[in-house]
Each structure stands twice: as structure tokens, then as C-alpha cells.
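Reader: I am new to this structure. Please show it to me, and then let us go through it step by step.

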Amino acid sequence: MKRQIFLIVTIVDKGRGESIASIYHKYKISQSLICSGNGTASSEMLDYLGLDEPEKDIVIGIGSKYSSYLVLKDLSTTMSYSIPGSGISFTLPISSMSLFSLKKIEEPDTTISLKEELHLNNERKHELIVAITDMNISDTIVTAAKLAGAKTGTVIKSRQVLSEEMTKIFGITIQPEKKITLFLVPTEEKNDIMKAVSTVVLKEDSEHGFVFSIPAHDVVGIMK
């Protein structure tokens, strides 16, 4: 039987990533990484509260089907996910992996009960929409996605490498910055949100933007 492997992603407020990583480690999740991002609260609300964009920790790891199930089950009870906006965790199925990497995926020191159904009871299926675009249109993308039904999102700063777009100023190579915007949305709402995001990218960033979606497996913490 083919072994099922998942990418486990958790998005929480800045400073909580280490606690999440410790839970990953508890269940032998391999290659845990913490990235930085920003939430997408409306600028009007942030101005009213006197806050900047809320910083986020994005924790990523790789584990077996059972390990990822245990991680999400633990997070759903220990990280106050019942409070809206406190965090989101989800898994994305990995279709293939090198044999060397696969051997590094450990199982927790527990056994699976044959009576235990190995999935979380999600009422709705979800998909992760990913938009990779120039920095200056990310706010427009977020606005369009929310108007189409997206509740919230996360923005990650990045830079493009080995690109023909790289330019030189005073002999210094400048690499164009990009933003990766993530929206975790119910599957039945994906098409409308994808269409809204794609329309913005086509209009504002037609040659250099990418929009795609990935089906999520299990999800905890998303606002209803």
C-alpha cells in the first residue's frame, strides 16, 4: 500500500510559531520550518486600532497521514482555535517524494486503533488558493478576494531569482520582489474567488503573475 505523506501548514500570530513547532516535534514531524508573513485585516480596521498589518508565523512540516492527523487533533484542542482568528492549520497531500526523504519520515510512538477513523470531521472541504504577484498589487488582490467571499488571507514576501527581470542600478543587481498571497477557502467558493483574483492579476500583472489552487485534506481553525 502506498504511504501517504502530507505537508502540514499552520498560520498563527507572530511569536507563537515556536509553540507550534514543538507540537510538530512531539509527533515526529520532519523538516519543520518557520516563515514570516502578514495577515490581511482591512486597512480601515487597522487604522482604527492603531496597528500595523498583523505579523504571522507560518510553520511548515512534512509527516505521515497518522502524524499529521495527530498534530491537527492536538492543535485543535491546545491552541484555542475555537476563538475566531486565533490560527489556522491544514494539510496538503504530497503526491510523490524521493526515497531518501521518505525514509526520514518517522511515525509517532503510538499505534492506530482499527476503530479510529483517521481523519478530522470537517463539515466542508477546502482549497488553498495561491497568488504569486508583484508587490504593488497584493492589496488589490486581497480586496477582490474578500469581495468574492474570502474571509481572510496571509501574505508572504519573497524575491524572484535567476530572472530576466533583474536590473542593475549603479552596478548593483536588483532582484524584483514578489508577494505570495494565500487564501484557504471552502471548495464551493473557490471558483468565484479564483476568478476574482485571476481577473486582478490578468489586468495588473498579466505577464508575471501566477494563480493556482491546491486541495486541502484536513483543516482546523478556519473562521466559519
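Reader: Among contacts between residues at least 6 apart in sequence, what share joins residues at least 24 apart?
Author: Note that this is a predicted model. Take the contacts in the protein chain between residues at least 6 apart in sequence. The share that joins residues at least 24 apart is 80%.

Reader: How many helices and strands does the protein chain have?
Author: The protein chain has 224 residues, and 41% of them count as buried. Its secondary structure comes to six helices and 11 strands.

Reader: Which side of helix α1 do Glu-18, His-25 and Lys-26 take, and are they buried or exposed?
Author: Start with the buried residues of α1, residues 17-26: Gly-17, Ile-20, Ala-21, Ile-23 and Tyr-24. They cover an arc of only 155° around the axis, so they sit on the same side of α1. An α-helix has 3.6 residues a turn, so residues three or four places apart point the same way. Glu-18, His-25 and Lys-26 are on the other side of α1, and they are exposed.

Reader: Which element gives the most to the largest nonpolar core?
Author: This core has 17 residues, and Ile-8, Ile-20, Tyr-24, Val-71 and Leu-75 touch the most other members. β1, α1 and α3 (65-78) each supply at least two of its residues. With six residues, the element that gives the most is α3.

Reader: How many residues are in the other core, which lies apart from it?
Author: Its members include Ile-129, Ile-137, Ala-150 and Ala-196. The count for this other core is 16 residues.

Reader: Which residue in β3 stands opposite Leu-7?
Author: Strand β1 (residues 5-13) and β3 run antiparallel, joined by nine bridges. Strand β3 covers residues 55-64. Eight of its 10 residues are buried, so β3 is largely enclosed by the rest of the structure. Opposite Leu-7 stands Ile-62.

Reader: Does Lys-28 count as buried, exposed or partly exposed, and what is its relative accessibility?
Author: Buried means under 20% and exposed means over 50%. Lys-28 lies in between, so it counts as partly exposed, with a relative accessibility of 27%.

Notes:
Residues numbered from 1 in each chain as written. Predicted model: local features only at pLDDT ≥ 70, side-chain atom pairs only at ≥ 80, totals over all residues. Heavy atoms only, no water. Buried < 20%, exposed > 50% of the residue type's maximum accessible area, 1.4 Å probe, protein only. Helix = DSSP H or I, 4+ residues; strand = E, 2+ residues; numbered from the N terminus. Arc of directions from axis to C-beta. Pairing = 2+ DSSP bridges. Contact = heavy atoms within 4.5 Å. Core = buried A, V, L, I, M, F, W, Y, C linked by side-chain atoms within 4.5 Å.
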